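I began with a single pair and then turned to the wider picture.

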Amino acid sequence: MPDLHLTPAEEALLAGSAGPGVQKAMQIVVALGRIYAAPDLTPITHAQISGVSYKNLGDAGVDFLNHWAAEGASVRVPTTLNPAGMELERWQEMGISPDFARPQLIAISAFRQMGVTPTMSCTPYLFPGIAPRRGDHLAWAESSAVVWANSVVGAYTNREGGPSALAAAIVGRTARYGYHLEANRLATHVVEIACPLRTIADFGALSYIVGKEVGDGVPYFPDLGAWLPPLPADLTTGGEAGDRLKTLGAGIAAYGAVALYHIAGVTPEARDLGERLIRGDARRLTIDSLAPAYAIMDANPETTQIDLVTIGCPHASLTELRRVAARLHGEKLATRLWVTTSQITRARAAQEGLIDLIQQAGGEVVADTCAVVAPVRQLGIKRMATNAGKMACYAPMHSGVEMRFGDLEQCLEAAITGQWRAPSLPPI
Amino acid sequence: MLSDPAGAAPPPARPPLRLQGRVIHAGQAEGVALVSAEAIGFLGGVHPETGVILDRNHPLHGQSIAGVILVFPHGKGSTVGSYTILRLQKAGAAPLAMINAASEAITAVGAIIAGIPMVDQIDITQIQTGDFVRIHNQTIEIYK
């Protein structure tokens, strides 16, 4: 096996020519390149950093970021951040304690010092001017965003960890292995759909089943496109199709370790190559019911009183905010509602008056964070409801809450009445 | 990183078994080996302040990885596990060095950010718990 090839400039960084912070970053990138037998490093156009919430970083992580910044490390490519544990400007209003807020703000300031753009969102692909383009090489560490970039956009990224994505940003390159190579982008599974997919929640339920079946493989969906409206011309709005794919990608990345899927006639590589993307030894499976997924994800069927309804995992798109605002227009909520999104998308929605409509009903449009990474138990929340497939299992696991999982309409109905009611259409 | 934890046997006169691996993070260390035949998940699987293995299904459950030469096939689980290795090091509960059969991103990045010497591509079946092991970059000496 040939050794990792480094250019003289890369060798110099590894030897410490740009200081210890950059040297450490190059050590990480090179170590991964050697472990995964990369032929060389590839320049990246963008990095997305995970490990931002103090809940995940702990004091050691915060110290580490400060130390790296103090060693003079700074990013060489546009770099954005995952959600934090609170809305940075409104943590007091959210009821976050200063003991959590202080180290959280220190971590964000270390990132800023390194030149990172503090977007605090899992959806960098919804940001005009930041969203990647087909063929871009990226170092993204948010698994749901990785799936979108590879699948919906046709960019190239591995599932980076928080420190490795930051290291890649600091040296402006990542090791060329895994999903950076065409040969690894072929489908290992063909997944046919034999049940209706009516809602975003249905795509979340599908993601659970496919994630568990496929593991870290690459699924090819020959007929899923039948359940998708056309993708919007501007993907950064989300759109009805984008919102379904956003939840699908988040779920298959969380319940499996999927980084890439193909949908015949929809995703760019499948549009170009069709069934040539399917490996000869691909496994074939058919999904004929979502009921087993709903049985697990709608984990507490005895729970009818809801403390918090949460929409926006991954962070809500402009289209989702439009749907929520339309439903809540003129209503008064009986329970707490968080629509979690980015500051960027919230600002776009505010221009359309959507934020006012949601707030007039008593809902909160929360930026920078979500109900997985925020310390929700400290906020007195024990019973949650969501339409987001990834949130359905992550919030009980990370925050020990009870969970109801269903369609957006059902969730908003629960926010309005304070009661979870049986769906008008039971899962098939 | 040279250290002589309590209970470490001095190397006997017999010549050591010498193996060559691949450096993940360069450095020197010596101490007593703790060998796991199974992969280790750091996030949730190891207590970040004591080094005790918390995973009930792990063969080393209840044992501490603090102050040993930790030998295992590779890491597993969440990539946040790299930060767990860093937390161990800050708490003084990290292994002195790590030896893997075939490393992966979580352990390798953890070793680098925590500054723990690490080597992989080693036939770890050659090492038993209790062996005295000396690491110098890619070279490993095993004293039975």
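Entry 1. I looked up B:Glu141 and found that it forms a salt bridge with B:Arg18, the closest N and O atoms being 2.8 Å apart. A salt bridge here is a side-chain nitrogen of Lys or Arg within 4 Å of a carboxyl oxygen of Asp or Glu. B:Glu141 lies in strand S10 (residues 139-143) of chain B and B:Arg18 in strand S1 (residues 17-20) of chain B, so the pair ties together parts that are 123 residues apart in sequence. Helices (H or I, at least four residues) and strands (E, at least two) are DSSP runs, numbered from the N terminus. I noted B:Glu141 as buried, with a relative accessible area of 15%. Buried means under 20% relative accessible area, exposed over 50%, and partly exposed in between (1.4 Å probe, protein chains only).

Entry 2. I recorded the conditions of the work. The model is predicted, and local features need pLDDT of at least 70, side-chain atom pairs count only at pLDDT 80 or more, while totals for chains, interfaces and linings use all residues. Residues are numbered from 1 along each chain as its sequence is written, chains are lettered from A and ligands numbered from 1 in the order in which they are written, and side-chain values use heavy atoms, with hydrogens and water left out.

Entry 3. I turned to chain A, where the side chains of A:Glu10 and A:Arg173 meet in a salt bridge of 2.7 Å, N to O. A:Glu10 is in helix H1 (residues 8-14) of chain A and A:Arg173 in strand S5 (residues 173-175) of chain A, so this pair joins parts 163 residues apart in sequence. A:Glu10 counts as buried at 3% relative accessibility, whereas A:Arg173 counts as partly exposed at 23%.

Entry 4. I also found a salt bridge between A:Glu71 and A:Lys24, with the closest N and O atoms 3.3 Å apart. A:Glu71 sits in the loop between helix H3 (54-70) and strand S3 (79-81) of chain A, and A:Lys24 in helix H2 (residues 20-35) of chain A, 47 residues apart. A:Glu71 is partly exposed at 21%, and A:Lys24 is buried at 11%.

Entry 5. How many salt bridges does the structure hold over all chains? I read the total as 29. A:Arg327, A:Glu331, A:Glu409, A:Glu413 and A:Arg421 are linked in a network of them.
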